[in-house]
Amino acid sequence: MYIPRVSTSATPARTARPSILAMLGLVVGIAVGGGITWLGGQAIANEIELRLSGVTTVATVTASRVMRSSRSGDSLEVRYAFSVPGGATVYHHEDETGRGNLWASLEDEAIYGAAVSGGHVDVLYLPRAPSVNRPLYPGAAGWGGDQLAGLGLGLCLLVPCLLLFLALGWQLARYATGR
């Protein structure tokens, strides 16, 4: 008669293997969230540097428009171009992704009217990187809006994906070692 041996030591249950697709999805989430976080942080860093060491110059208004919206009100916008003293390169309003010749919002009607009628607008730029620039006017440095939204959105995507990735990696390590 055969009597099976029974072990008295508790054997840990083997955990389910994490999905490779889930890991890849989290890697994409980390990359996208990290990128958006970096762009939002870079926009805030640029604004701080503009406030601390920006130089003012006069730019030529190349186009103007009024974007009408019943929800958010009218947006008074201009495109402009300028060169730094002693330089031949022409700079335009850009964002942190490198897109250039963008529309810049002028929230004040008097400043917008003067820019359109006079053909000039005051611009604040960084001497080390003139492509980092914005119009100089009251309210131009909208802290909130895009900069903080980008930073917040990026962190909302990055942090959970990173934590889940680490948890799944830990679970995969446990599965591989059989613990």
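This is a predicted model: local features need pLDDT of at least 70, side-chain atom pairs count only at pLDDT 80 or more; totals for chains, interfaces and linings use all residues.
Residues are numbered from 1 along each chain as its sequence is written, and side-chain values use heavy atoms, with hydrogens and water left out.

**View 1. Strand 5 and strand 6 form a hairpin.** Strand 5 (residues 120-126) runs antiparallel to strand 6, and four bridges join them; two strands pair if DSSP finds at least two bridges between them. Strands (E, at least two residues) and helices (H or I, at least four) are DSSP runs, numbered from the N terminus. Tyrosine 125 has asparagine 133 of strand 6 as its bridge partner.

**View 2. Arginine 134 meets glutamate 47 in a salt bridge (3.0 Å, N to O).** A salt bridge places a side-chain nitrogen of Lys or Arg within 4 Å of a carboxyl oxygen of Asp or Glu. Arginine 134 is buried at 11% relative accessible area, and glutamate 47 is buried at 5% (buried: under 20%; exposed: over 50%; partly exposed: in between; 1.4 Å probe, protein chains only).

**View 3. Arginine 128 and glutamate 49 form a salt bridge (2.8 Å, N to O).** Arginine 128 lies in the loop between strand 5 and strand 6, and glutamate 49 in helix 1, 79 residues apart. Arginine 128 is exposed at 57% relative accessibility, whereas glutamate 49 is partly exposed at 24%.

**View 4. Glutamate 77 and arginine 65 form a salt bridge (2.6 Å, N to O).** Because glutamate 77 belongs to strand 2 (residues 75-82) and arginine 65 to strand 1 (residues 55-67), the pair ties together parts twelve residues apart in sequence.
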